[in-house]
Amino acid sequence: MTDFPRSLLEFQKRFPDEAACVGYLRQMRWPGGFVCPSCRGDRGWELKTKAWTHECAGCRKQTSVTAGTVMHGSKLPLTVWFWAAYLMATHSNGLSALQLQSQLGLGSYKTAWLLAAKLRRAMVAPGRTRLEGLVEIDETEVSCRSKGDPPAGGGGRSHQGKILVAGAVEVVARTKGGHAPGRIRLACIDDFSARSLHSFIGKSVAAGATIKTDGWSSYPDAPNVRHEPHIIGPMAAHIVLPWVHRVFSNLKTWALGVYHGLRRKHIQAYLDEFTFRFNRRRTRHAAFKTLLGIGLLLKPVTYKMLITPETTG
Ligand SMILES: [Zn+2]
C-alpha cells in the first residue's frame with residue numbers, strides 16, 4: 001500500500017480520485033487505524049458532512065486527514081496536490097509554476113505559483129543533519145533575472161546583476177573505488193568575506209569534518225573544521241574541486257532552462273529546490289512523501305508568507 005508508483009500510468013491508476021488520495025494519506029498517517037492527536041484515543045469515525053475528517057469518540061476533536069501536511073486548508077482537490085508533488089518529485093529538472101499550470105490545467109497562474117511555492121517550502125526538512133567527512137566548498141556567481149537589477153558586467157568586479165552562492169558537497173568513497181558526490185548544500189550569501197563563508201560552513205558542515213577549498217583567503221580559520229586548502233589558478237579549479245564545480249554548472253543550466261534565470265527575491269527557495277532534488281536523486285518515492293508534508297507536520301503557510309520569504313524564517 002505504501003510503496004511508490006513507478007510510472008505515470010501506475011500513478012494514474014493508483015490515485016484516480018479523492019477517495020484514493022484520502023486512503024493513501026490515512027494509511028500513511030494512521031497505519032494501525034485512527035489515533036486522536038489530542039487525547040491519543042483510538043476510537044472515532046469519519047464524518048459524513050466534512051470531507052476527509054475524523055471525529056474522536058473520546059474528546060470529540062475533529063482531525064482532518066490533511067492536518068499538518070502541506071495540503072492543510074487548501075481548496076484544491078487532493079488529486080491536484082498529488083499530481084503536482086509527483087511531477088515535482090520525479091521530474092529530473094522540476095517544473096516552473098507556468099509548466100505546472102499547463103500540465104495540470106489549473107485556472108490561474110497564481111494558483112499554480114502558490115501550489116509550487118508550498119511544495120517547494122516543504123523541501124527543507126526541519127532538523128536535517130549537516131554534511132560530514134570530506135566536504136568540497138566553493139563559491140560562485142549566478143546571473144539573476146529582475147527588472148529592478150542593473151545588467152551584469154559594467155563595474156568590473158561589481159556583483160550587481162549577480163547572486164552570490166556558496167556550495168558544499170560531501171565527497172563519498174565508492175565501494176568499487178573512486179569517489180562520488182553525497183549530499184549538497186547551497187546558500188545565497190551577501191559577499192565572499194570570511195564572515196559570510198564561515199557562517200555558511202557553520203550551518204552546512206558538521207564539526208570535525210574536513211573542508212577542501214581553492215585556498216581563497218576567506219576560508220582559513222573556519223571554526224570547528226579541518227581545512228585542506230589547494231592554492232590553484234582558475235583553470236584548474238574544476239580538477240581540484242570537481243564535484244562542487246559540477247553542481248554549480250548543473251545549477252546554472254537548470255536555472256536558465258526551467259526558470260529562464262532565477263529571481264533575487266526567491267533565490268534561497270530555488271537553491272533549496274535544487275538541493276532537494278539532488279539529494280533525493282535515488283529516492284524519488286521518499287521525495288514524493290516529503291513534498292506533501294506527510295509525516296513532517298509543517299505549519300501551514302499563507303500566500304503573504306510565501307511572497308515575502310524573509311518572514312518565513
Ligand atoms: Zn481525542
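1. Two strands pair if DSSP finds at least two bridges between them. Helices (H or I, at least four residues) and strands (E, at least two) are DSSP runs, numbered from the N terminus. Strand β2 (residues 53–56) and β3 run antiparallel and are joined by three bridges. E55 has Q62 of β3 as its bridge partner.

2. A word on the source. This is a predicted model: local features need pLDDT of at least 70, side-chain atom pairs count only at pLDDT 80 or more, and totals for chains, interfaces and linings use all residues. Residues are numbered from 1 along each chain as its sequence is written.

3. The chain holds 11 helices and eight strands. Of its 313 residues, 29% are buried. Buried means that 20 or more other C-beta atoms, placed from the backbone, lie within 10 Å of the residue's own; exposed means 12 or fewer, and partly exposed lies in between.

4. Back to the sheet. It is open, with three strands in the order β1-β2-β3 and antiparallel pairing. β1 (44–46) and β3 (62–64) are the edge strands; each has a single partner strand, so one side of each lacks a neighbour in the sheet.

5. Next, helix α2 (residues 18–29). Its 12 residues should span 16 Å at 1.5 Å a residue, and the end C-alpha atoms are 16 Å apart, which agrees. The expected span is 1.5 Å times one less than the number of residues.

6. Which residues of α2 are buried? They are C21, Y24 and L25. Seen down the axis of α2, the buried residues fall within an arc of 95 degrees, so they line one face of the helix. That arc is taken from the directions from the helix axis to the C-beta atoms. An α-helix has 3.6 residues a turn, so residues three or four places apart point the same way. Exposed A19 and Q27 sit on the face of α2 turned away from its buried side. The buried residues of α2 pack against α3 (78–90). Contact here means C-beta atoms, placed from the backbone, within 7 Å.

7. Now the cores. A nonpolar core is a set of buried Ala, Val, Leu, Ile, Met, Phe, Trp, Tyr and Cys residues joined through C-beta atoms within 7 Å. The largest has 32 residues; among those touching the most other members are V135, V247 and L271. Helix α8 (242–259) is one of the elements that supply at least two residues of this core. The largest share, six residues, comes from α8.

8. V247 touches G167, V169 and I184, not counting residues up to four places away in sequence. A second, separate core of 29 residues includes Y24, L25, F82 and L292.

Definitions and conventions. Contact = placed C-beta atoms within 7 Å.
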